[in-house]
Amino acid sequence: MSATTIPVKQGIYHKAGSLRRERRWALWTAYLSLIVSAIIMLAPPVYMLLTSLKTSAEVADQSGSPWWVSSPTLENYWALLGNRMFIDFFLNSAKVTIAVVALTMVISVLAAFALGRMRFWGSQALATGVFLTYLVPDTLLFIPLYQIVGGLGLLDNAWGLVLVYPTLTVPFCTWIMIGYFASIPKELDEAALIDGANWMQMLWKIFIPVALPGIIAATIFAFTVSWAAFVYPTAFITSPAEMPMTIGVVSQLIRGDTFAWGQLMAGALLAALPPVVIYAFLMDYYIAGLTAGATKG
Amino acid sequence: MADGGAATLPRIEAPGGASLKRFARRRSTIAFLMTLPLIAVIGGLVVWPAGYAIHLATLNRRMTSFIGLGNFEILLESETFRMVIFQSVFFAITAVILKAAIGFWLAHMLHHIPANGQRKWRGMLLVPWVIPPALSTLGWWWMFEPTYSSINWILNIFAIPSVPWLGEPWWARISVIIVNVWYGAPFFMIMYLAALKSVPEQLYEAAAIDGATSWQRLRYVTLPMMRNIISITVLFSLIVTFANYDIVRVLTNGGPRDLTHVFASYAFQVGILAGNIPRGAAVSLFMFPILAIIAFFVLRGVNRRNKEEA
């Protein structure tokens, strides 16, 4: 009797054990791949940070490990913060980005409200058109825009960038705002209409507060895109006084044959700081905006 | 009484109907005014420039006379441009496949670990996507730097000989792809993770009861549920990667010997730096048919997804 039950019991335990072992293996594989990929994903920024803390002499010294700083210093950062040109890059970026974000949000919230809630002739076609323009890349448009901006006399002028950046931000922001507005129940605007609200009051008092997470996500998107824009400033801006951060760091901090690598990396990190800070504090909104394009649309 | 009622009813309804019509007309007027800025942006800054690009591409270098398809002919005959076509296609397809595969793998791994740890890992893995690519590519450039490459330093520890990252054409191509995959894979990971979370748990339970292996669960439950989002993400990324400019400009600037140029960087070189605006416009217009085909499929995928959700 006992001789026949023991193998059965063993069979059951064996099966349960293998299931648990399989789970454990899956978990180990998961953590291993996450650790390896996190190292790879974070290596370049970390290496930039390490380099930015080195003196020029230490960067030039090739005997030690490049992944170690023997005498960390902030002198590269102080040199940049005392550099008038670098401060100008920052101010230009801030000026252009703030103007573009404000412009974008006004245009896209108004348009999304009209397209999502107030059906009119051609509104469906226009919504599709918004999505299609989102798919048109800036590298397809920069040459004709170069001619157009040049014709307006805005080449080599930061305000010229304010004119063209909406091509990068408006379509996507409108698109995700249409999605957010569409998720607001119809009863809410019927109630507002019965209470005698006009369209502007309805947008301002109901839609904007209710869709606030979407508005934050769209604002973050517009901010990061305008801050990181590279094609347009590279094409349109040639004098350092008008350059925003991205192109300023890439073109002006690289001089001659001996690169000041420490300063270059410090400049790149400082330029990347605003989007990274926003990401660190508003990660959930950031990700919501990122995934909204495909999940809401 | 009944007559009176019948007589008064239409009288109430008639003004009501008229005001409803007036209301609707007023509504569409307001709506049109609200979309006017959007129409101005799309029309003035996208549609018109796109049409203008076609016009520009048919002019001669000094933009004085019409030469039809001359610019396109010259480009197609040039050896350099044929390499640009090859490199753009090779770069976009390889990079997107790698990004999608790595992103899918990471999303899966992230989905497997306990939920309270996911946020932290997700936050770390998304960092490459957050840094403006022109700036992070500077860091990569410094890591690839031939005399003092920190990547080669690590490879040397494992007794692997130094790699001439940006000096040799094929290694330069691979370097550009590595940087693009590093930058773009987190985006795929986030999209796929969102999609994975939307697959109902009951489907996996049912599959487990039916004795499905983990491979079968992936093949017959996860993939069919995510098919649409995978295709939208891949197609969208194909557009962005195809039109990429930042990474090539900062990392190789087209070199060595113009062999790593993609459409965007070559259009920039020809159109802005060399001052041949019409030919530059022609180069960037080569992207258009490919992008239009991809856009068609993206739109179809999005519409299908909307119908599924409705």
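B:Arg119 has a relative accessibility of 45%, so this residue counts as partly exposed. Please keep in mind from the outset that this is a predicted model. The partner of B:Arg119 is A:Asp284, and the two form a salt bridge. A:Asp284 is also partly exposed, because its relative accessibility is 43%. B:Arg119 sits in helix H4 (residues 115-125) of chain B and A:Asp284 in helix H15 (residues 283-295) of chain A, so this pair joins two chains.

A:Asp284 has a further salt bridge, with B:Arg122. This pair, too, crosses between chains, running from helix H15 of chain A to helix H4 of chain B. Is B:Arg122 buried or exposed? With a relative accessibility of 18%, B:Arg122 counts as buried, because the cut-off for that class is under 20%. Through shared partners, the salt bridges link A:Asp284, B:Arg119 and B:Arg122 into one network.

Over all chains, the structure holds five salt bridges. Another of interest lies within chain A, where the side chains of A:Arg117 and A:Asp189 meet. A:Arg117 belongs to helix H4 (residues 84-117) of chain A and A:Asp189 to helix H9 (residues 186-194) of chain A, so the pair ties together parts that are 72 residues apart in sequence. Both A:Arg117 and A:Asp189 are buried.

| Salt bridge | Closest N and O atoms |
|---|---|
| B:Arg119 and A:Asp284 | 2.8 Å |
| A:Asp284 and B:Arg122 | 3.4 Å |

Now to the interface as a whole. How many salt bridges are counted between chain A and chain B? The count is two, and there are eight residue pairs in polar contact between these chains, both residues being at pLDDT 80 or more. On the side of chain A that touches chain B, helix H1 (residues 2-52) of chain A gives the most, with 17 residues. In terms of contacts, 96 residues of chain A meet 93 residues of chain B. Together the two chains bury about 8,500 Å², and carbon and sulfur atoms account for 82% of this area.

Chain A can also be looked at on its own. Its domain assignment gives domain 1 (2-52) and domain 2 (75-295). The C-alpha centres of these two domains of chain A are 42 Å apart. Five residues of domain 1 of chain A contact eight residues of domain 2 of chain A, and the area buried between the domains is about 490 Å², with 74% coming from carbon and sulfur atoms. Which residues of domain 1 of chain A lose the most area to domain 2 of chain A? They are A:Met48, A:Thr51 and A:Ser52, which together make up 87% of what that side buries. Between these domains of chain A there are two residue pairs in polar contact, both residues being at pLDDT 80 or more, and zero salt bridges by the rule used.

The nonpolar side of the picture comes next. The largest nonpolar core has 198 residues, among which A:Phe181, A:Tyr232 and A:Val249 touch the most other members. Helix H8 (residues 169-197) of chain B contributes the most to this core, with 16 residues. What does A:Val249 contact once its neighbours within four places in sequence are left aside? Within chain A, the partners include A:Phe86, A:Phe89, A:Ile254, A:Leu264 and A:Ala268. From chain B, A:Val249 is in contact with B:Leu135 and B:Leu138.

One last stop is helix H7 (residues 150-157) of chain B, in which B:Ser150, B:Ile151, B:Asn152 and B:Leu155 are buried. At the start of this helix, a side-chain oxygen of B:Ser149 comes to within 3.3 Å of the backbone nitrogen of B:Ile151. After the helix comes B:Ala159, which has a positive phi, near 60°.

Notes. Residues are numbered from 1 along each chain as its sequence is written. Chains are lettered from A and ligands numbered from 1 in the order in which they are written. This is a predicted model: local features need pLDDT of at least 70, side-chain atom pairs count only at pLDDT 80 or more; totals for chains, interfaces and linings use all residues. Side-chain values use heavy atoms; hydrogens and water are left out. A nonpolar core is a set of buried Ala, Val, Leu, Ile, Met, Phe, Trp, Tyr and Cys residues joined through side-chain atoms within 4.5 Å. Buried means under 20% relative accessible area, exposed over 50%, partly exposed in between (1.4 Å probe, protein chains only). Helices (H or I, at least four residues) and strands (E, at least two) are DSSP runs, numbered from the N terminus. Contact means heavy atoms within 4.5 Å. Domain bounds come from an automatic or database domain assignment. Buried area is the accessible area (1.4 Å probe) that two parts lose on being put together, summed over both. A salt bridge is a side-chain nitrogen of Lys or Arg within 4 Å of a carboxyl oxygen of Asp or Glu. A polar contact is a pair of N or O atoms within 3.5 Å; within protein, one must be able to donate a hydrogen and the other to accept it, and residues adjacent in sequence count only if both atoms are side-chain atoms.
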